[in-house]
Amino acid sequence: MSAVTQELVALEQAADEWMHRNPARYRETAEQMLTLSRHGEPGARARAQRAYGNALRMAGELPAALRAIRSALRLWHQAGDEVEWARTQTACVAVLAELGNIRGALSASALGLAVFLRHEQPLPAARLLNNTGGIYLFTGRPHEALTQYARARSLASSAGDGSLLSRIDMHRAVALQALGRHTEALTACAGALRRARPTGQKLHAARIQVTAAISLFQLGRFSKALRRFSQARTVYEEHGATRDVAECDLHICACYLELNRVEQALERVTAVIEQPGTGRAWYETAYAWFYQAVALARCGRLPEARAVLLKPRQLFAKHHDAYGAGRVALEEAQILLRLNETMPASRWAARAKQLFAVAGSRLEEARATLLLAETLYRGGRLARAWSEAQAADRAFRRAHTPGPRFQCLHLMGQIAMQRGAFTTARRLLARAIRLAEQMRGAVQVTFREGFLDDKAVAYGDMVWLHLQEGRVAAARRLADLAKSRGLSDRQIARPDARSRPARPADQRLLAEIEAVRLEYQQLTLPSRLGSPAPATGSLRSWCVDPDRRSDLERRLTALWDEWELRQLASGYGTAQRGARRAPAAARLGPKVAMVEYLVIRTRVIAFVSNSRGLRAWADLGPLHPVTEALELLHLNLDTALVAMQVSPGRMTGLTRNAQGLLAILYRRLWAPLLPWLTLMQQVVVIPHGPLHLVPFAALYDGKEYLVAQAELTLAPSRAIWAQCRERTGESLAGRPDLVMGCNADGQIPLVEEEARAVGAALQAAVHLGADASLTRLAEGAPYRIVHLAVHGQFRADNPHFSTLLLADGPLTAIDAVTLPLHAAMVVLSGCETGISKVTHGEELVGLVAAFLSSGCASVLASHWRVADPSAADLMQRVYKGLLAGRGKAAALREAQASLAGAGLHPVYWAAFSLIGDGGPVAGI
C-alpha cells in the first residue's frame, strides 16, 4: 500500500467519524481526499471519489453524487478490489433510490450483497441490507423492508456493532410506522436511541428523535411530538444540516395543523419553500408544497390550495410515488368536500384509497376510507357510509390513532342520529368526546387555544342528543365543556420570558424578540420619528408602512412560537394529563341567575340556572333572525356614532330604529326565559358564537331596556366565571390602583380629563402623556384597579395584535398576557376593546381574553367605537357607584340605566360590558 493510499485510508476513517455528526466537516475531508488522490493509483482515486460522492449525496446534489460514485466503481474494477467495489455499490444504492431509479438500486444492492456474503463480510452486508430495506419501504413494501431489516439486524448483532444496530432499529421503526404499528415503532426507537447515545453521534440521535416524534404524532401525543421535533431541529441547526431543519419544520407544520394553529403552520411551511440553498430532494420539495396547500385549504383559501396542490401531484406522479400521490388525492377530496362537491370528492377519496393500497399504507388507506364514508353520508347513502366508516374504525382501533378514530366515531354517531338510533349515537359520540378529551389533556397548555375548533361539532351533536332524550343536566355540563377551554386552562397564553432565566441560545432569541418589538413600536408611532399626527382616529393610520407592520407581526408570532417550542423542548410547562380539573364551584347567590346560550345546528339553545341549580332549558329558534337583526343594529350604531357629532337631529329616528331591532333580539333571546328570570336582580350571561356581539344591557321590551331590570355580567364560560369569582376572593390589601391616560397626540383630548377624574375618585396617582407607558403598566403589578383611558382598536385580521395605544407604543394582546396584573378590575376605556374573535372551539382571542389570562377578575370593555365625551361621562358614573359601595356590575348598571332613562341612543351608553366577576372591589 502506497503512502498516498495509507493517508487516504486514514482520512476516510476520520471522515466516517464526521459523516453523521458534521456533514460540512465530512465534505471538507472528502474534498481533501480528492485533491490528495489526483496522482495516486486507481484504488486511491476510487476511495476519494466514493467519499466525495457520499458528501454530495448528503448535500442533496444527487446527479453529481452518482457521477462520482460510478467513477469510483470503475476505478475499483480497475484495481481488482471486489470487496471495495461492493462497498461502493452500497453508496450507489442510496443515490439511485433518492433519484427514483428503484430498479437500478435493487440491482446494485443484489450485486453488492452477493460479494459481501461470498467474502464473509457481515457488517458491510448488514449495511447494504439496511439500505435495501429503505428501498422497499420507499416503494410501499413495508413487509419486505422488515424482512431486510431482520436479516441486517442478525448480521450486525453477530458482529457486535451497536452503532449499526441503532440505525437498523431506527429504519425498522419507520417500516412499523408504515404498517400503523406505532407503539412497536416507539419501542424500536427507544432501543436505537439507547445504542446511539454512547457513540456521541448527535445527528443520528436527532433523526431517531424525529422518527419517534412521528409515531407520537400519529398516537395523538402532539406536545411530546413537538418537543422531540424541536429538540432535533436545534441539533440540526447546530450542525448546519439544512435539509433536516426543513424536514423538522414540515413535521412541526403538521403538528400545528392538528392543533388548529393554521396561520402558524402556513407561515412555517412558506418559510421552508422560500428558504434558498437547502439542497432538498424532490420529495422534500413535494411535501413542502403539499403542506402549504393543506394550510391554505384550512385557512379557507380553497382556490389557492387547489392550484398549489398541482405541484406536488406532478412531482409524485413523475417519480411514481403512490403514497405521496394518495395524500394529494386525499387532500383534493377534502377540498372538494368543503366546496360541497360531493360526487367529485367521493371519486378522489376512492382514488386515494387505491393508491394507499398500492403503497401498502394501511393507516392512510383507512383515512381515505373514512373520507369516502363522509362523502357517502353527505350524499344520503347512509348504509354504505356506515359500512365504510366501520372498516376505517377497525383500522384506527388497531393502530391506536385517536385523532382519526375521533373523526370516525363522530361520523358514525351522525349516521346513527340520522337513522334514529339514538342509543347507538350517544354511545359513539361519548367515545369520540372521551378521545378528544384525552388528546387535549396531553397537549401543552399554551397550544390548546384552537384544539377543539374542528371537534366542537361533536360536542354540539351530543348536547342536542341529550336534550332530545331529556338529559338536560348532562347537556348543560357538556355545553360548558366546549366553551373557552384554553382560556380557562392557562395562566398565560405565552410564557413571559422576562421572568425566567434562559440559556444562551434562548437569550439570543429573546433579544431578537425585543428588537422586533422595538421596531414594531416605532413603526406604529410616527410622532416618535418626527412625523405629523394623523387627522383621523384610526389606529391603522398611525402606521408608517402597513406592509412592514404585517411582516413584523408575522415575525413576532413566529418568534413567540419558536420560544414556546424551545420551552417545550426543555421541559418547561409540561402538558397537563387527564381530564381538566373543574374549578371550585361558585354558587349563585339568592336572586342571581345564569343564562347560558349555545348555538347548535343553526338553532339557539339557552339554559337557565339559579341558586337551586339548573331550572330549565329552551329552544329559542333559528339563529338567522338574530344575526340579521345584529347586522342591522351594528349598522345603526355606526351611523349613530357619526350622527351624534355631525347631525344630532337624526338621533331621534335612529333611536327608534335601534329600539325596534333591540326589541327583536329581546323577543328572540330573552322573553322566552322570563318565567325563570322575573324575580332575579342579577343575571350572569354566557354568550356563544355570534351572540358575543349582542349588547344585552340594551335589549328592549317595548317600554324599557334590560339594564333597568337586572344587573348583567358577561362571562366566556361558567368555568371562567367561577375562576374570576375565586380571584375576587384574593387579598387586595396594600395593592395600588393604576390610572393612565394617553390622548394619542391630541386625537382623543378628553381621556386625560377622564383619567384625572378617575384618579381623584380613587385617590390614585395619574399617569398621563409620556408617563402612560407599557413600562409603567408592568413595573408596579399586581394592582387592585387598572384604568386605561386610551385609543383602542380590534384587529379582525389578526386579533392577537388588537391594540391599546400607549405613549411608548402599542400594547397588544400578546403583550397583555405577559403582564402579572391580577387586578380586581381592569377598565379598558377606549374603542373596540371588548371585541374578540370567537373561534369554532368558542375560544375568545383579543384584549379581553388577554387581560383575563393575566390574572384579572373582571374586565370592563367596549364592544364598538365610542365617543370620547360619552365614555368619560359613563366612567365617572361607574366610579361614583363603586365609591358608594356598589358592586362592579351594580355600578355599571346604575350608570347605564341613568343615561338610558334620559332617552339617549344606546350608542351613548351600551358599548361597555363587564366580563368576569360582578361583585364589589374589596377595600374601595
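Going by a 1.4 Å probe, this structure has seven cavities of 30 Å³ or more. It is a predicted model, so local features need pLDDT of at least 70 and side-chain atom pairs count only at pLDDT 80 or more, while totals for chains, interfaces and linings use all residues. Residues are numbered from 1 along each chain as its sequence is written, and side-chain values use heavy atoms, with hydrogens and water left out.

**Cavities**

- Here, a cavity is a set of points on a 1 Å grid over the protein atoms alone where a 1.4 Å probe fits but cannot get out, and lining residues have an atom within 4 Å of a point.
- Grid points are joined across faces, edges and corners, and a volume is the space filled by probe spheres set on the points.
- The largest cavity holds about 170 Å³ of space.
- Its lining takes in 13 residues, with H692, G834, L844, H863 and I915 nearest the centre.
- That lining splits into nine nonpolar, four polar and no charged residues; Ala, Val, Leu, Ile, Met, Phe, Trp, Tyr, Cys and Pro count as nonpolar, Asp, Glu, Lys and Arg as charged, and the others, Gly among them, as polar.
- The second largest cavity comes to about 120 Å³.
- Around the second largest cavity sit 16 lining residues, and A697, L712, L892, Q896 and S913 are the closest to its centre.
- Two or more residues of this lining come from each of β5 (711-714), α36 (888-901) and β16 (912-916); helices (H or I, at least four residues) and strands (E, at least two) are DSSP runs, numbered from the N terminus.

**α35 against α36**

- Helix α35 (residues 868-883) packs on α36 at about 135°, with the axes 8 Å apart; axes are lines fitted to C-alpha atoms, for helices over the stretch in contact, and angles run from 0 to 180 degrees between N-to-C directions.
- The two helices are therefore oblique to each other, given that angles under 35 degrees count as roughly parallel, over 145 as roughly antiparallel, 65 to 115 as roughly perpendicular and the rest as oblique.
- α35 passes α36 in a right-handed crossing: a crossing is left-handed if the near helix is turned anticlockwise from the far one by less than a right angle, and right-handed if clockwise.
- On the α35 side, D873, L874, R877, V878, G881 and L882 meet K888, A891, L892, E894, A895, Q896, S898 and L899 of α36, where contact means heavy atoms within 4.5 Å.
- The residues in this contact are seven nonpolar, three polar and four charged.

**α12 against α13**

- Helix α12 (residues 222-239) and helix α13 (residues 242-258) pack at about 160°, their axes 9 Å apart.
- That makes α12 roughly antiparallel to α13.
- Their crossing is left-handed.
- Contact residues include F222, L226 and F229 from α12, and V245, C248 and I252 from α13.
- The contact of α12 with α13 has ten nonpolar, one polar and five charged residues.

**α16 against α17**

- Helix α16 (residues 302-318) packs with helix α17 (residues 322-338) at about 165°, and the axes are 9 Å apart.
- That makes α16 roughly antiparallel to α17.
- α16 and α17 cross in a left-handed way.

Methods:
1 Å grid on protein atoms, 1.4 Å probe; cavity = no way out; pocket = protein on both sides within 12 Å on 5 of 7 lines; lining within 4 Å.
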